[in-house]
Amino acid sequence: MFGFQMVQMVRKYSHKLDKPLRDKVLNLYKPFKWTPCFMHNMFEGVLKRTRRMRVIIEFDEGCYKEGCLNMNQIFNSRLGCKMRNEFQIISCCSADLTPAVLEELLMNCPQIKKISLNREVRALLDTAVISAKARNVVRNGTELTGKGITVAVIDTGIYPHNDLSGRIIDFVDFINQRSEPYDDNGHGTHCAGDAVGNGAASSGVYMGPAPGANVIGVKVLNKIGSGSLETVMQGVQWCIDYNERNPEQPIHVINMSLGSPAQRYANESEDPMIRIVESAWESGIVVCVAAGNEGPEERTIASPGISQQVITVGALDDRNTIDRSDDGVASFSSRGPTIYGAQKPDLLAPGVSIVSLRSPRSYLDKLQKASRVNSEYFILSGTSMATPICAGIVALMLEFDPTLTPVEIKKQLLNGTDLWTNRDPNIYGAGYINAEGSL
């Protein structure tokens with residue numbers, strides 16, 4: 001096997017290829033086990049010219065334009081190979097290419113720093129708000145509702161539910177390119193309600209922490225809750241660009257209840273997913289991301305939750321009571337440390353049996369009919385549900401003090417938690433989120 005050209009290429013340029021891409025190239029040779037040896041060279045030639053791969057290409061700092069120029073010159077003579085989307089803010093682009101062109105790029109485009117597989121990213125599948133002490137939060141004689149604050153939910157879309165009426169101020173779709181709000185999966189709608197639902201259809205019973213905040217739907221995951229590194233990066237980039245176009249009414253908070261298994265790089269900031277969410281953070285947007293649902297094993301924090309800048313939220317089981325004495329971490333909530341040995345998650349929020357908005361006739365709605373609550377609501381569990389509860393509390397904090405930076409928001413959140421004694425911070429983080437304490 002080591003004599004094959006693409007295998008030799010992977011070994012030679014392993015430092016420039018992430019592990020999923022190396023594995024994908026090597027797995028192309030699996031059928032060769034059952035192919036006569038005299039046909040290997042012919043089959044390898046066909047495979048190199050015809051097999052398509054979707055990748056994220058990162059260029060060295062300051063070399064983006066030159067790198068793109070070299071890359072496009074190579075692509076021009078290769079059928080079916082093309083640049084797809086640009087992420088100039090992090091010196092990256094996405095592209096379709098063949099193994100033969102991958103090899104040519106590595107040989108003739110010295111500006112390339114890293115090439116990553118455009119890997120799959122998936123959605124990470126009442127009393128919660130009250131137990132997080134985020135109901136009826138009053139400051140200076142005014143009840144905080146998140147009014148004037150905008151939360152972007154990067155997910156499967158948003159169904160125009162009654163509990164969001166008049167507050168879905170924008171919508172963008174990177175899956176089907178539709179212009180009107182919709183959610184064919186149901187996950188994003190539930191997350192939106194977890195953060196900013198106003199409980200209109202339940203007389204205020206099922207209300208998020210920030211019932212006065214605006215929301216934007218950014219659809220990056222398809223009907224079954226699956227997307228790619230590229231679509232998620234497009235969604236985050238769109239939020240950054242949105243704020244440049246709308247400085248008077250910007251996106252203040254991004255909720256990302258999604259992720260993929262963390263991949264090992266020389267350091268965490270080389271992961272394209274980490275780089276794009278940290279660019280959003282540095283632009284002034286508070287980014288809340290789900291820790292993942294791979295617990296109780298350690299080192300299971302998903303990407304981009306492994307970022308040391310963003311707020312990574314694990315799930316708490318509040319036993320459906322306001323009393324905190326019986327609360328504990330949800331068994332499925334991912335544990336730290338990260339694959340780089342850093343402490344995570346940052347904190348816990350309620351994430352078990354959360355009642356929020358239903359998206360009728362969506363994938364989850366049809367799949368889990370027993371989870372329906374009346375005709376308007378739906379029950380889901382996961383760090384996906386805990387994360388938007390945190391995002392909603394961030395909206396309250398920003399309504400109270402719009403000058404707070406993402407770093408200050410995170411510090412106040414962690415300092416305001418309720419602590420458990422003798423609990424592992426790689427399971428419980430700084431503790432149980434407490435809106436009153438953080439404000």
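Let's start at helix α10, which covers residues 363–367 and holds Lys366. This is a predicted model, so treat what follows as a reading of computed coordinates.

Is Leu367 buried or exposed? With a relative accessibility of 54%, Leu367 counts as exposed, because the cut-off for that class is over 50%.

## The chain as a whole

Zooming out, the chain contains 14 helices and 20 strands. The C-alpha trace spans about 75 × 45 × 40 Å along its principal axes. How does the radius of gyration fit with that of a compact globule? For 439 residues, such a globule would come in near 22 Å, and the chain has 23 Å, so the two agree.

As for what's inside and what's out, 61% of the 439 residues are buried. The chain exposes about 17,600 Å², and carbon and sulfur atoms supply 49% of that area. On the charge side, there are 45 positive and 48 negative side chains. The centres of those two sets lie 8 Å apart.

If you're checking torsions, have a look at the loop between β14 (286–290) and β15 (311–317), where Pro304 is placed. The peptide bond running from Ser303 to Pro304 is cis, with omega near 15°.

Arg299 is found in the loop between β14 and β15 as well. Its phi is near 55°, a positive value in a residue that isn't glycine. Arg299 has 42% relative accessibility and therefore counts as partly exposed, since that class runs between the 20% and 50% cut-offs.

## Further along the chain

Another cis peptide bond joins Lys344 and Pro345, this time with omega at about 0°. Pro345 belongs to the loop between β16 (328–329) and β17 (347–350).

Which loop holds Asn374? It's the one between β19 (372–373) and β20 (377–380). Asn374 has a positive phi of about 55° despite not being a glycine. At 66% relative accessibility, Asn374 counts as exposed.

Note on methods
Residues are numbered from 1 along each chain as its sequence is written. This is a predicted model: local features need pLDDT of at least 70, side-chain atom pairs count only at pLDDT 80 or more; totals for chains, interfaces and linings use all residues. Side-chain values use heavy atoms; hydrogens and water are left out. Helices (H or I, at least four residues) and strands (E, at least two) are DSSP runs, numbered from the N terminus. The radius of gyration is taken over C-alpha atoms; the globule rule is 2.2 Å times the number of residues to the power 0.38. Buried means under 20% relative accessible area, exposed over 50%, partly exposed in between (1.4 Å probe, protein chains only). Accessible areas come from the Shrake-Rupley method with a 1.4 Å probe; for residues, only the protein chains shown count as cover. Lys and Arg count as positive and Asp and Glu as negative; His and the chain ends are not counted. The place of a charge is taken as NZ of Lys, CZ of Arg, CG of Asp or CD of Glu.
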